[in-house]
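Have the sequence and the 3D view open as you read.

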Amino acid sequence: MLDIKFIRANPEVVQKGARDKGVNVDIDELLALDDRWRKKVYEVEQLKARRNKVSEEIGLLRKAGRDASDAIAEMRRVAASVKALDEEIRELKERIDSYLMEIPNLPHSTVPVGADETANQEIKRWGEPPAFDFNWKPHWELAAELDIIDFERAAKMSGARFPLLKGLGARLERALINFMLDLHTTEHGYTEVFPPFLVNARSMFGTGQLPKFEEDMFKVGSHELYLIPTAEVPVTNIHREEVLKEEELPLYYTAYSACFRAEAGAAGRDTRGLIRNHQFNKVELVKFTTPERSYEELESLLQHAEAVLQRLELPYRVVCLSTGDMTFASAKTYDIEVWLPSSNAYREISSCSNFEDFQARRAEIRYRPRDGGRLRYVHTLNGSGLAVGRTVAAILENYQQPDGTVRVPDALVPYMGGVQRID
RNA sequence: GGAGGGAUCGCACAACCUGGUAGUGCACCGGUCUCGAAAACCGGCGCCCUUCGGGGCUUGUGGGUUCGAAUCCCACUCCCUCCGCCA
């Protein structure tokens with residue numbers, strides 16, 4: 001959510017930022033509503049001031065044993081006017097808020113402007129895609145032959161786009177989760193949390209999934225709860241409606257969670273394998289910081305996510321998403337894309353974003369500045385560190401051997417109980 | 001699921017019975033004082049509107065009663081204790 005004061009002062013900036021993100025918003029209509037709202041607020045506050053003053057006088061008259069019936073009669077009328085005006089103001093405010101909720105965060109000035117992913121800007125490449133001199137296979141074929149993932153039986157119990165991991169496949173998934181959490185907690189300074197996987201609507205609202213993206217999520221209707229699409233939601237909401245101290249910032253959290261996405265499959269892409277499923281595992285990184293530091297924190301967040309791929313020795317590149325490819329709530333996003341032979345391309349495996357104060361304003365996460373003064377909104381950031389299912393796919397494909405087995409990356413061997421090869 | 005208790009500024013609590021417009025302590029920030037600090041004292045320390053004079057809002061949330069609600073009434077949310085059920 002943007003600051004209405006900022007929108008009042010910079011309507012054309014907001015209009016342009018939204019348009020660059022491919023969102024059309026009627027700023028003039030919003031500001032007209034805002035203007036009416038402010039006039040009505042002034043009006044009702046005049047009446048309330050009168051009511052407060054006279055009510056106090058009534059109290060004094062009563063105490064002195066004198067008659068106050070004229071004043072009481074007047075206040076009865078004032079009370080009725082106040083009630084009607086308050087109702088009108090409430091409706092205006094509701095309309096204004098629903099406008100505000102639909103306005104995306106504005107892209108940072110360093111973000112390339114463009115309509116879609118073709119305008120994304122490549123920042124760097126790391127490692128070399130493997131040059132196979134044998135008949136290599138996509139991960140879903142490898143996994144089927146190694147009997148480590150069973151999509152057919154998963155479909156029986158749940159439906160399409162759910163994997164059932166088995167044997168060393170399940171072990172690999174668990175090894176990756178532990179490896180990533182250990183790396184982030186011991187070397188990058190993150191505090192590990194294990195959050196709920198179901199959250200209420202208020203939490204989804206705080207991070208920006210609601211109200212715009214309800215259809216992308218699984219809702220547990222009987223309880224008014226949503227399955228989280230990412231640990232970003234519960235972890236960012238840890239500090240919702242709190243006032244933090246500047247001294248405790250920045251805060252770093254890392255969390256493993258399962259992630260649930262209803263939208264996967266709608267586009268008909270990546271119908272096979274581990275790339276696009278309704279449920280997948282992810283280790284998430286979340287930061288709370290001051291506005292002054294948030295962009296350097298974004299750079300280090302990116303490095304923390306990259307470190308996972310470097311330890312696993314998987315080739316990847318980093319791109320800065322263009323305005324048209326970014327998400328609703330983000331001001332700047334780097335995607336890390338891992339090389340995936342079956343796609344013959346780099347594919348997203350992590351998304352690292354600075355939301356500035358967009359989520360903090362929605363979720364009311366503020367901090368008390370060290371030298372006093374008004375409370376300020378924190379900046380929130382998060383990034384995948386990493387998506388586990390896609391990491392499994394990348395390992396299977398990039399580490400496959402001519403004989404159909406898969407070598408285990410050296411960094412993972414201790415987490416695999418010494419197993420060096422999946423065969 | 002049942003029975004009780006509770007929610008007031010960042011923290012701890014008061015005012016609630018008996019309606020009169022929210023106070024105290026701690027923490028924090030600024031100032032005075034000091035070589036500096038502590039202590040002491042003064043001010044600040046939640047949000048909104050503002051023509052910068054000021055005004056309004058704020059006691060978990062939403063309603064109701066009333067000239068006036070932290071206080072009385074109703075509903076809801078969350079937390080705590082006990083009982084039941086339970087991995």
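The domain bounds used here come from an automatic or database domain assignment. This is a predicted model, in which local features need pLDDT of at least 70, side-chain atom pairs count only at pLDDT 80 or more, and totals for chains, interfaces and linings use all residues. Residues are numbered from 1 along each chain as its sequence is written, and side-chain values use heavy atoms, with hydrogens and water left out.

**A pocket between domains**

- Domain 1 (4-102) and domain 2 (117-422) both contribute to the lining of the second largest pocket, so this pocket lies between them.
- Its volume is about 560 Å³, and of its 24 lining residues, Asp3, Ile4, Lys5, Arg361 and Tyr377 are the closest to the centre.
- A pocket is an open set of points on a 1 Å grid over the protein atoms alone, with protein on both sides within 12 Å along at least five of seven lines; lining residues have an atom within 4 Å of a point.
- Volume here is the space filled by probe spheres set on the points, which are joined across faces, edges and corners.
- Helix α4 gives the most to this lining, with 5 residues.
- By class, the lining of the second largest pocket holds 11 nonpolar, 1 polar and 12 charged residues; Asp, Glu, Lys and Arg count as charged, Ala, Val, Leu, Ile, Met, Phe, Trp, Tyr, Cys and Pro as nonpolar, and the others as polar.

**A buried helix**

- All 11 of the 11 residues of helix α12 (residues 388-398) are buried, so the helix is largely enclosed by the rest of the structure.
- Buried means under 20% relative accessible area, exposed over 50%, and partly exposed in between (1.4 Å probe, protein chains only).
- Helices (H or I, at least four residues) and strands (E, at least two) are DSSP runs, numbered from the N terminus.

**Aromatic rings**

- The whole structure has 12 aromatic pairs, meaning Phe, Tyr or Trp rings (for Trp, the six-membered one) with centres within 6.5 Å; planes under 30 degrees apart are stacked, over 60 edge-to-face, and the rest tilted.
- Phe197 and Tyr256 make an edge-to-face pair, 6.2 Å centre to centre with 75 degrees between the planes.
- Phe197 is partly exposed at 24% relative accessible area, whereas Tyr256 is buried at 16%.
- One aromatic cluster is formed by Phe132, Phe134 and Trp136.

Technical notes
Chains are lettered from A and ligands numbered from 1 in the order in which they are written. On a 1 Å grid over the protein atoms alone, a cavity is a set of points where a 1.4 Å probe fits but cannot get out, and a pocket is an open set with protein on both sides within 12 Å along at least five of seven lines; lining residues have an atom within 4 Å of a point.
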